[in-house]
Amino acid sequence: MVEITESPLDHAALVERVRHANAGAVCAFLGTVREMTGERRTVHLEYEAYAEMAAGKLAELEAEARRRWPVIEIAIAHRVGTLELGDVSVAIAVSCPHRGDSFEACRWLIDTLKEEAPIWKRERWADGREEWIHPGLEGR
Amino acid sequence: MTVAAVVPAAGAGARMGRPKLLIEFDGRPLIARVVATLADAGVAPVVVVAPPPDVPEGPPIAAAARQAGATVVVPAARPAAMRDSIELGVRELDRRDAPPVAVLIVPADSPRLDAAVVRRLIAAWRERPDRIVAPTFAGRRGHPVVLPWRPALAIADLPPDVGVNRLLADRADEVEEVVVSTDSVLTDLDAPDDPGAAGGWTIRLFAVARERAGRSEVSVALPSPATVGGLRRALAEQHPALATLAASVRVAVDDEYADDARPLPAGARLALIPPVSGG
């Protein structure tokens, strides 16, 4: 199950969704809005997605994780719009027969999502400045 | 108490040498997709103002719209401007025994028109039926706009050389803005066709690319055979604000990342994908 949504993420429901009698392990990852980045203070974040493509990418990630690990269920949800400090921006839950696979699959899913999914965040800093975050593009 | 729609489709341009409104999206001509999306959102009737019968794209556009369930108005001669097409559509509705309570004005060239957005705009209008309702994204006003019937009738009273945006400007205190989370509402009803639109390609922009261009999509003309590499060069030349990004960031063709050698299929969905930062 993959989802791009404006609504707050119900991470407990996401975990429930993957819990299964054949699973011996459920791993969940939440990405949350952090206040401090070094010395800089975030007021809030705004996420934007190329929604059609992002949903397709997340579905591809799910399929690839199922090829690599003995996954029983996967749920991936990413929120877009304005998020306040502490809000959940992304939630991933994976169930597998054993914990090693579910840890690895969950880690791979969030790492790959961050590289591949066409989703962007805009920082609103406490000093009033706002900027899109584009790793590797600084100053260009 | 129905909300109707007027879809001015008499003057839309060409893309890749084909009339834009006949290019297929989701397996049907664009004009049919727009009509079906409106019907899906509960809009009735949908009045499409087609090109005149003596231009080549006229009869197929009229037929596609009719088949999708629209009421089609076929003018004898091509209306001078989009606003004239809208006026013809409103007049058609006015001829009916029961005119609608409100009219959506929907640019025909809206491949990303979303039934959920349309339903939301109508719901917002029903809460305050004396208001004109317009969607906004990232602080910019878009389409479609919901006009209560009385201001819709006033389109006919606008001076001949101004567009429907003037109506909204004149009645600024009656306009209710609804913030939506999709830039699909940003197409400009009164803007002339993009210079690149004839034989051109549309590229969607996100994040810093949208910010630098000041809009959510741009058009470019491309030599054929069109490739991703050619698209990068054309973007840099025709939209200098995007030159740095066009040279360095990923390009998506039909929602997949594509390398520079990739040919562009006719009607491909194109997007510039600056380095991503989700998660």
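Me: In chain B, in what order do the 5 strands of the open sheet stand, and what is the pairing?

Reply: The order is E14-E13-E17-E15-E16, and the pairing is mixed. Before we go on, this is a predicted model, where local features need pLDDT of at least 70 and side-chain atom pairs count only at pLDDT 80 or more, while totals for chains, interfaces and linings use all residues. Residues are numbered from 1 along each chain as its sequence is written, and chains are lettered from A and ligands numbered from 1 in the order in which they are written.

Me: Why do E14 and E16 of chain B count as standing at the edges?

Reply: Each of them has a single partner strand, so one side of E14 (217-221) and one side of E16 are left without a neighbour in the sheet. From one strand to the next, the twist averages 40°.

Me: How do you know that E15(B) and E16(B) pair?

Reply: Count the bridges: pairing takes at least two between the strands, as found by DSSP, and E15(B) and E16(B) have 3, in the antiparallel sense. In one of them, Val253(B) has Glu256(B) of E16(B) as its partner.

Me: What packs on that sheet, and at what direction to E14(B)?

Reply: Helix H8 (228-238) of chain B does, touching E13, E14, E15, E16 and E17, and its direction makes about 105° with that of E14(B). Angles here run from 0 to 180 degrees between N-to-C directions, with axes fitted to C-alpha atoms (for helices, over the stretch in contact).

Me: Why are H1(B) and H2(B) called roughly parallel?

Reply: H1(B) and H2 (58-67) pack at an angle of about 30°, their axes 8 Å apart. That angle is what makes H1(B) roughly parallel to H2(B).

Me: Which residues of H1(B) and H2(B) meet?

Reply: Ile31(B), Ala32(B) and Val35(B) from H1(B) meet Ile61(B), Ala64(B), Ala65(B) and Gln67(B) from H2(B). A contact means C-beta atoms, placed from the backbone, within 7 Å. This one divides into 6 nonpolar residues, 1 polar and no charged. Nonpolar covers Ala, Val, Leu, Ile, Met, Phe, Trp, Tyr, Cys and Pro, charged covers Asp, Glu, Lys and Arg, and the others, Gly among them, are polar. Gln67(B) is therefore the polar one.

Me: What makes Asp254(B) stand out by its phi, and where does the residue lie?

Reply: Phi of Asp254(B) is positive, about 50°, although the residue is not a glycine. It sits in the loop between E15 (250-253) and E16 (256-258) of chain B. Asp255(B), in that loop too, has a positive phi near 70° and is likewise not a glycine.

Me: Which elements of chain B touch chain A?

Reply: The contact takes 17 residues from chain B and 28 from chain A. On the chain B side, the elements giving two or more residues are H7 (207-213), H9 (243-248) and E17 (270-273). H7(B) supplies the largest share, 3 residues. The chain B side divides into 9 nonpolar, 6 polar and 2 charged.

Me: In chain A, how do H1 and H3 lie on the sheet?

Reply: That open sheet has 4 strands, E1-E5-E7-E2, with mixed pairing. Helix H1 (11-18) touches E2, E5 and E7 and makes about 20° with E7(A), which means roughly parallel. Helix H3 (99-116) touches E2, E5 and E7 too, at about 150° to E7(A), which means roughly antiparallel. Helices (H or I, at least four residues) and strands (E, at least two) are DSSP runs numbered from the N terminus.

Notes
Two residues are in contact if their C-beta atoms, placed from the backbone, lie within 7 Å. Angles under 35 degrees count as roughly parallel, over 145 as roughly antiparallel, 65 to 115 as roughly perpendicular and the rest as oblique.
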